[in-house]
Amino acid sequence: MSKETLAGIKQFDLSGRSAIITGGSKGLGLAMAAGLASAGANVMLVNRNAEEGSAAAQEISSEYDTQAIAFSADITQEAQTEAMAKAAIEAFGQIDILINSAGINIRGAIDTLSSEDFNKVMDVNVNGTWLCCRAVTPHMKQRKRGSIINLASTLGLVGLANRTPYTASKGAVVQMTRALALELAPFNINVNAICPGPFLTEMNIPIADTEEAKKFIVGATALGRWGELREIQGAAIFLASDAATYVVGSMLTVDGGWTAK
């Protein structure tokens, strides 16, 4: 048996790797950043609130024997995403992993939403993801290695009433991921997406106790409950690691069985 075959759990070791996580100061982004740090990666948490980002980075640094820093940026601004990539290279010497976790959701019936509402969701969830991918691509191409993980959603795969901006944006992320995976595979850069189901993040707290959530969101899962933040970590560590080198253009659902129904 070859050494490669015997690698086993060692494939999940991220020691010496460096990651950028947008939306990394809270919610799923922070959970995934902590997961990567626990596996040995250095992490840069990107968000717009500098104080919040610094506090989250300090929490990770104190918990794990790795480097965690914060960077304040608006991912819808091209110059700021370019500055983000440059800062990560200056801090860590390289970018091995990008997780595009920053996102927003504006809910409502289509005739109660404005075009500004729709465009705002698309700008953050789609344009922001595209700009961050674009910012790290030249560096990853030069190194001929890298892992890009986009945060899509089960709502990029199935529909839900009163979510037209969000479902449109996450459907776009799904297709962006597939197209970019084909584009970057020749450079040994793996592009995949995680499609979370209902996690009780700050984005979802306002609807947690509504009848809609109980019936159409949590009620749609096989497990019949909200996901815990720690339950996203395994998927992120896997896709960022050498264990996923043959996983390309995948939509990894972490949804409690929502899309199995």
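Colleague: Which residue's side chain meets that of glutamate 78 in a salt bridge?

Modeller: This is a predicted model, in which local features need pLDDT of at least 70 and side-chain atom pairs count only at pLDDT 80 or more, while totals for chains, interfaces and linings use all residues. Residues are numbered from 1 along each chain as its sequence is written, and side-chain values use heavy atoms, with hydrogens and water left out. A salt bridge is a side-chain nitrogen of Lys or Arg within 4 Å of a carboxyl oxygen of Asp or Glu. With 2.7 Å from N to O, the partner of glutamate 78 is arginine 134.

Colleague: How many residues apart in sequence are the parts that this pair, arginine 134 and glutamate 78, ties together?

Modeller: Helices (H or I, at least four residues) and strands (E, at least two) are DSSP runs, numbered from the N terminus. Because arginine 134 lies in helix α4 and glutamate 78 in helix α3, the pair ties together parts whose separation in sequence is 56 residues.

Colleague: How far apart are the closest N and O atoms of glutamate 82 and arginine 134?

Modeller: Glutamate 82 lies in helix α3 and arginine 134 in helix α4, so this pair also ties together parts of the chain, here 52 residues apart in sequence. The two residues form a salt bridge, and their closest N and O atoms are separated by 3.7 Å.

Colleague: How far apart are the end C-alpha atoms of helix α3?

Modeller: The expected span of a helix is 1.5 Å times one less than its number of residues. Helix α3 has 15 residues, 78-92, so it should span 21 Å, and this agrees with the distance between its end C-alpha atoms, which is 21 Å.

Colleague: Which residues do salt bridges that share partners join into one network with Glu228?

Modeller: Glutamate 228 forms a salt bridge with arginine 230, with the closest N and O atoms 3.1 Å apart. Salt bridges that share partners extend this into one network, in which Glu228 is joined with Arg225, Arg230 and Glu231.

Colleague: At what angle do the ring planes of phenylalanine 12 and phenylalanine 238 lie?

Modeller: Rings of Phe, Tyr and Trp (its six-membered ring) pair if their centres lie within 6.5 Å, and planes under 30 degrees apart count as stacked, over 60 as edge-to-face and the rest as tilted. The structure holds one aromatic pair. The ring centres of phenylalanine 12 and phenylalanine 238 are 6.5 Å apart, and the pair is tilted because the planes lie at 40°.
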